[in-house]
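Hello,

Here is the structure I promised to pass on. Please load it first, then read the notes below.

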Amino acid sequence: MRCRICQYKSEFVISFGKMPLANHFLKKEDFDEEYFFELATMFCDRCKTFQLIEQPKPDKMFHDNYAFFSGTSKKMEAHFEHLAKYYQEKFITKPSESFVVELGSNDGIMLKHFSKKGIDHIGIEPSLNVAEVARQQGVNTISKFFDENLAKELYLRKGQADIISASNVMCHIPDLKSVAAGIKLLLKPNGVFVFEDPYLGDMIEKVSFDQIYDEHVYLFSANAVSNIFLPYGLELFNVERQTTHGGSMRYYLGHRAAHAREESVDSLFLYEKDKNLDIVETFYNFSKNCVKKKKNLIHMLSELKEKNKRVVGYAATSKSTTVLNYCDIGPDLVEYISDTTPIKQGKFSPGMHIPVVPYERFKRDDPDYAILFAWNHETEIFEKEEDFLKRGGHWIKFVPNVEVLEQKSCASLPSD
Ligand code: TYD
């Protein structure tokens, strides 16, 4: 197996078996045509990048019916409003002369805060349906994949950018070389390239293997990010932990020597060394922990079934596709999954074909247990679902551990 970044050979593979596309919620008539691929990962001992071995073609995943809309969570809305404000305060000195580019701008959740202020911007969003939602909110959007060619086109048309931002996008892009070369070209000499993605350190610590699915080609560490972008003259100068997506990292890069390197970078490098994120043994242990978690979850659900308890799923996340398929959990163990996204409702979950129902059904219903598939939105969900506990319901969590939450522990959870 060769690393996508540096071509180094690796023998150790973690396999999660046959997997459908995480966001491919489908109708009954499409079951026979469903696409599957082999979900397996490797760790590159040279550039330290944790990555998928095989990834379906991007146009299979990001198309005119893409099912992920960033604006489905109030906390995410607030997160991106805050990010836009932060960018404007920290990196925009002359709004009328500034230009901001966002890669994977989704429904315009972040860029709309630039659009409202009349700051020149372009969002790059290949999925036509979500791009259309962004345009309706006044966000200039190009429906293409970002690469060196598109960067050249933008450079000639608009000049260089003060900020290039990408949230939960870089980890989706297999050919980072072309993207890195594009960013190098499109970024002003003093510009900043900022991106955030789920953090490898959190995934290992929480055994949140559900972060591994077709769209996440990479789960980055700071060490890997630095190794990937340095050959293109882009240097990591700051990092910030984020609570989003179950533990993310925000990386700040600029042209070589353009920004003073902050202490945060060195302390994260030390943390990663301390946690052994740079050695393959860590990934052997991780794979053993995944198997343990799978056994525990199946055991718990089978016991509940024997006791005739009703178990449903809360939120048909992309992550839930990995959990359900890897653990072989189907409608016999989980009756339905409730979700607020209209495009998923009335369809079936990828691979295991559990019905996805509107959230209102969950509100009317009295299941005994609900598995929290959107565990990364735990605080927001527990706040709004106090009623579920009062009706005698219980939450099942599987991150960091497989457990049934007692009422008391739900009420006392820290906010993120
Ligand atoms: P997220 O964890 O962002 O998903 P992913 O694993 O796909 O990145 O959660 C988004 C999904 O969860 C989306 O389908 C909407 C659903 N959801 C609910 O149904 N209710 C909620 O309260 C929240 C926060 C999300």
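**The α5/α6 pair**

Helix α5 (residues 148-158) packs against helix α6 (residues 176-186) at an angle of about 15°, and their axes are 7 Å apart. Axes here are lines fitted to C-alpha atoms, for helices over the stretch in contact, with angles running from 0 to 180 degrees between N-to-C directions. Helices (H or I, at least four residues) and strands (E, at least two) are DSSP runs, numbered from the N terminus. The two helices α5 and α6 are therefore roughly parallel; angles under 35 degrees count as roughly parallel, over 145 as roughly antiparallel, 65 to 115 as roughly perpendicular, and the rest as oblique. Their crossing is right-handed, that is, the near helix is turned clockwise from the far one by less than a right angle.

Which residues meet? From α5 they are Glu148, Ala151, Lys152, Leu154 and Tyr155; from α6 they are Ser178, Ala181, Gly182, Leu185 and Leu186. Contact means heavy atoms within 4.5 Å. The residues of this contact divide into six nonpolar, two polar and two charged. Ala, Val, Leu, Ile, Met, Phe, Trp, Tyr, Cys and Pro count as nonpolar, Asp, Glu, Lys and Arg as charged, and the others, Gly among them, as polar.

**Source**

The model is predicted: local features need pLDDT of at least 70, side-chain atom pairs count only at pLDDT 80 or more, and totals for chains, interfaces and linings use all residues. Residues are numbered from 1 along each chain as its sequence is written, and side-chain values use heavy atoms, with hydrogens and water left out.

**Whole chain**

The protein chain has 15 helices and 17 strands. Its radius of gyration is 21 Å, close to the 22 Å that the globule rule gives for 416 residues, so the chain is as compact as a globular protein of that length. That radius is taken over C-alpha atoms; the rule is 2.2 Å times the number of residues to the power 0.38. Along the principal axes, the C-alpha atoms fill a box of roughly 65 × 45 × 45 Å. Of the 416 residues, 58% count as buried (under 20% relative accessible area; exposed is over 50%, partly exposed in between; 1.4 Å probe, protein chains only). Among contacts with a separation of 6 or more, 69% come from residues 24 or more positions apart.

**Helix α8**

Helix α8 (residues 222-229) is mostly covered, with six of its eight residues buried. Those six are Ala222, Ala224, Val225, Ser226, Ile228 and Phe229. Their cover includes α6, β8 (187-198), β10 (234-242), β11 (248-255) and α9 (263-274).

**Single residues to look at**

- Arginine 4 lies in the segment before β1 (13-20). Its relative accessibility is 21%, so arginine 4 counts as partly exposed. Leaving out residues up to four places away in sequence, arginine 4 touches Gln51, Leu52, Ile53, Glu54, Gln55, Pro174, Lys177, Val217 and Tyr218.
- Asparagine 308 has a positive phi of about 60° although it is not a glycine. It sits in the loop between α10 (280-306) and β12 (311-314). Asparagine 308 is exposed, at 68% relative accessible area.
- Alanine 315 is not a glycine either, yet has a positive phi of about 85°. It lies in the loop between β12 and α11 (318-326). Alanine 315 is buried, at 12%.
- Valine 399 and proline 400 are joined by a cis peptide bond, with omega about 0°. Proline 400 is in the loop between β16 (394-397) and β17 (403-405).

Best wishes
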